[in-house]
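Visitor: I would like to learn how strands and sheets get their names. Please show me the model.

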Amino acid sequence: MKSVVIEQPGELVVAERPLPQPAAGEVRVKVQFASICGSDVHIWHGHNPFAKYPRVIGHEFFGLIDAVGDDVAASRIGERVAVDPVVSCGHCYPCSIGRPNVCTALQVIGVHRDGGFSEYAVAPAKNAFRLPDSVPDKLASMVEPFTIAANITAFLKPQPNDVALIYGAGPMGLTAIQVLKGVYGVEQVLVVDRLPERLALAQENGADQVFNNSEIPLAAQLEGLQPTLIIDAACHPSILAEAAALASPAARIGLLGFSGEPCSITQQSLTSKELSLFTSRLNSNRFPQVIEWIEQGQIQPEKLVTHYFPLADVEQAMTLFEKDPRTCCKVILQMG
Ligand code: NAI
Ligand code: MN
Ligand code: ZN
């Protein structure tokens, strides 16, 4: 089979690899579509602290089950599935309280073990979620990015009367907009980014008001409006302090970033307004919920997708995705 392998930082190849056999409790998926994420690019460039090399990348993928290991019903062969990349032990403290995404032995498919930019991939059977026909093949790899928004909003508990502010109109910000509007019915969703093209995309994805902070700081543009719910989907370390300063008393702030640089913030700026701070990593069992949202028409994954490329053109696809955020949002690889 053909697989996209990062042999070592900086070295991406499409390699011929042996077909993997599913172990007990696993399924093998004949991958049809897989979407590119910033973290795939980071592994390529050696900027992901969790990755081990060589690695088949890709954690957002969809395909058909074509083989099963022991203890998995053969009737699952042929199922159309989206694969949850979070592989957990099932018995540590976070697993025991329903948070397998921060399992003490966490393994992420496409990061810690081989992933979905490949003609075939193996995964635990319980990670392979059957899709209804209403989720089309071409969009099925988009379930995973929406689970990030599902996870952070589960902490933030958005209400219709929230004034929500989202930093960043990349894939993460856009999925958050759609979930706040389409699922939670938040009336006011504000979005800030530095790129006008990204802000236009934010509007297409349901933002009520957009702000460009490339020249004028956001604070000078909000005219005293105080957000009650803030999501940092831009993830620069300077954003937390600004968010705390702009937030309404009693607001909730959600963080998605993985920067290793310190954030400088005072206790006073958080405690005087009794702000709540939540962080969110990947997703805890959110695939069924996102699949239902797509089925019910509450979210529209197609609004994020700008390009499709065949597997053979993966390097071109990842380069475009990385270098051209003005014309690119989600880029999807077709395997077949
Ligand atoms: P992206 O790079 O496509 O989007 C970020 C957007 O933020 C860009 O449009 C950029 O112009 C904008 N931006 C950057 N600095 C800004 C600033 N100071 N003010 C306003 N806008 C600014 O990235 P993507 O894929 O949307 O991911 C966003 C972040 O989320 C990344 O840092 C990524 O590491 C993180 N992430 C976290 C996950 C988690 O589970 N916690 C999962 C996936 C991504
Ligand atoms: Mn991703
Ligand atoms: Zn665990």
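Visitor: What makes β1 and β2 a pair?
Guide: Two strands pair if DSSP finds at least two bridges between them. Strand β1 (residues 2–8) and strand β2 (residues 11–16) are joined by six bridges, so they pair. They run antiparallel. V4 stands opposite V14 in β2.

Guide: This is a predicted model: local features need pLDDT of at least 70, side-chain atom pairs count only at pLDDT 80 or more, and totals for chains, interfaces and linings use all residues. Residues are numbered from 1 along each chain as its sequence is written, chains are lettered from A and ligands numbered from 1 in written order, and side-chain values use heavy atoms, without hydrogens and water.

Visitor: What lies between β1 and β2 in their hairpin?
Guide: Two residues do. G10 in the turn has a positive phi of about 90 degrees.

Visitor: How do you know that β14 and β15 pair?
Guide: Strand β14 (residues 229–232) and strand β15 (residues 252–255) share four bridges, in the parallel sense. L229 has R252 as its bridge partner in β15.

Visitor: Why are β13 and β16 at the edges of their sheet?
Guide: The open sheet of six strands has the order β13-β12-β11-β14-β15-β16, with parallel pairing. β13 (209–212) and β16 (276–279) each have a single partner strand, so one side of each lacks a neighbour in the sheet.
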